Amino acid sequence: MNAQDLLQEISDYCRHTGLAESTFGRRAVNDGKLTARLRNGGRITTDTLDRIRAFMAATRNVSASRPTIIERQRDARPAPPPARSAAPDEPRDPQRNFRFFDNRQKYLLFVNTCSEKWVIANRVTLELANIHPRPPAVRVFDAGVGDGTVMLRVLRAMHDRFPHMPFYVVGKEISLEDVRLALQKMSDRFCEHPATVLVLTNLAYADAPWLAVKSLSAASSMVWHEVPLTGKSAHRFEQQITDLAPFLSQNWKAGVSPKTGNPVYERPVVLVIYREDHKFLLDPIIPRPGGTVANYDLVIASQPYRARSPLEFKVNRVIAPLAKALGPGGRLIAIHSHGNDPGMEVIQRVWPGDNPFVHDRHQILKAVKQELGPAARDLNFNAYADNRSLFRYDMHTLPSEISDSIGTSTLFAAWNAAIYVAQVEDDRLADVVSDGRYLDATREVLHERGGLWFYDESYVISRRRE
């Protein structure tokens, strides 16, 4: 029996009896971390396996020997009234219902009309000069793949700088559409740099770098899928990647957390792709079920959290876990929107005083230090000066488009970019789009500034070399 089968059997038992996994471990073999060790690749002796089996068999017998509970007949109760849908005038919590990452129309229009992805990739590429990869591979983690543009450009730069080193690249993304878009861009990478292992997963930030989940029930339902690509051409690779569409549709599903309103996976998925003809060379870096080491040389955290999220969420749930995943000499570059640009001028003309960018890089880095505690001693926290930390990206326009008469399509694209970057909830948009004043505000800013651009803010956390 392998570990996954045993974990599945323990999970079924715990669900049947209502025991927590730590309680099961203590009662069965006096080890509350038994399941955690198994999930992380640990092994047990045959004697321990016999004790686990004996405990489950004995307690199942006890459960079966209990007298059956007889339900007495009661008077029929009237059927409950049908569930009432929420009244239209019930207040909604924008923090719980806003999912700007999943609004495909806004997202795709923004990505294709603004240069942010290109500029971010160029900024991340600069960090390649500061990393010091160690055998057996250059290890990179992308904490939010999106449509794959940033990852694609960084992989090209990595090949230029490290043409003969194997690559181990892990990308986290919960959106099915983004995973499809990203995979469509990857076939050429396997052709130019065949010694590449690409892993995509929908796990949370605290789990994704290690490709392992802490929950026993989630671990038992994990979908681990390996795809050894055959052939030697980008066309063949693209065909095999495209054939993954049914698998992705079936398994890469997301719901909404009832507690936070954020997207969460229905089942944890790990997708591992590499070239079959390089499997012998890549064997030391191909991950296996049960978890793997992190020790990343580069972690990319581009827009990994919502700007209006609490500081505690940004630090505890995102940046701190990613910092822990750095290997010796590794660097984490985080990027988020900064404001103080023409895009925010549009927003403030429509909603005076609104400012979604409530935490700057200095506040986040200070909070990360406090969260990590003694572990922060091995890390360097680099806020940098504004001239190095801040960078600009633009909305693509032709010189003739910003004239006395700006076309409607340009106005709509500029407005969409402004509200996407500012992460304005749909609830707030309904009141302003009905009277057209949002287009007037957008037109005025475009005329005054001669175009539209935005500022992003970056900071770096690095681990000291051994």
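User: Let's start with charges. Which side chain does Arg53 meet in a salt bridge?
Analyst: Glu9 is the partner, at 3.1 Å from N to O. Keep in mind that this is a predicted model.

User: Where do Arg53 and Glu9 lie in the chain?
Analyst: Arg53 belongs to helix α4 (residues 46–65) and Glu9 to helix α1 (residues 3–17). They are 44 residues apart, and the pair links distant parts of the chain.

User: And is Arg53 buried or partly exposed?
Analyst: Arg53 has 36% relative accessibility, so it counts as partly exposed.

User: How many salt bridges turn up in the whole structure?
Analyst: A search finds 19. One of them joins Arg189 to Glu192, with the closest N and O atoms 2.5 Å apart. Both residues sit in helix α10 (residues 187–192), three residues apart, which is about one turn of the helix.

User: Why does Arg189 count as buried?
Analyst: Because its relative accessibility is 10%, and buried means under 20%. Glu192, with 38%, is partly exposed.

User: Which residues are linked in a network of salt bridges?
Analyst: Arg306, Arg308, Asp354, Glu425 and Arg428. Arg428 also lies over the face of Trp351, at 4.9 Å from the ring centre.

User: Nice, on to rings then. How many aromatic pairs are there?
Analyst: The search of the whole structure gives 11. Trp351 and Trp415 make a stacked one, 6.0 Å centre to centre with 25° between the planes. Trp351 is in the loop between α16 (342–350) and α17, whereas Trp415 is in helix α19 (residues 408–421), 64 residues apart. Both Trp351 and Trp415 are buried.

User: Why is the pair of Tyr393 and Phe454 stacked?
Analyst: Their ring centres are 5.4 Å apart and the planes meet at 25°, so the pair counts as stacked; the cut-off is under 30 degrees. Tyr393 is in strand β11 (residues 390–394) and Phe454 in strand β12, so the pair ties together parts 61 residues apart in sequence.

User: Which aromatic cluster are they in?
Analyst: One formed by Tyr107, Phe110, Tyr393, Tyr420 and Phe454.

User: Changing topic: where does helix α15 bend?
Analyst: At Val318, by about 25°, and a proline, Pro321, follows within four residues. Helix α15 (residues 311–324) reaches 18 Å from its first C-alpha to its last, close to the 20 Å expected.

User: What do the buried residues of α15 pack against?
Analyst: Several elements, including β1 (138–142), β8 (296–302) and α17 (361–372). Val318 and Pro321 are among the buried residues.

Note on methods. Residues numbered from 1 in each chain as written. Predicted model: local features only at pLDDT ≥ 70, side-chain atom pairs only at ≥ 80, totals over all residues. Heavy atoms only, no water. Helix = DSSP H or I, 4+ residues; strand = E, 2+ residues; numbered from the N terminus. Expected span 1.5 Å × (residues − 1). Bend = angle between axes of the 7 residues up to and from the residue. Buried < 20%, exposed > 50% of the residue type's maximum accessible area, 1.4 Å probe, protein only. Contact = heavy atoms within 4.5 Å. Phe/Tyr/Trp six-rings, centres within 6.5 Å; stacked < 30°, edge-to-face > 60°. Lys NZ or Arg CZ within 6 Å of the ring centre and 35° of its normal. Salt bridge = Lys/Arg side-chain N within 4 Å of Asp/Glu carboxyl O.
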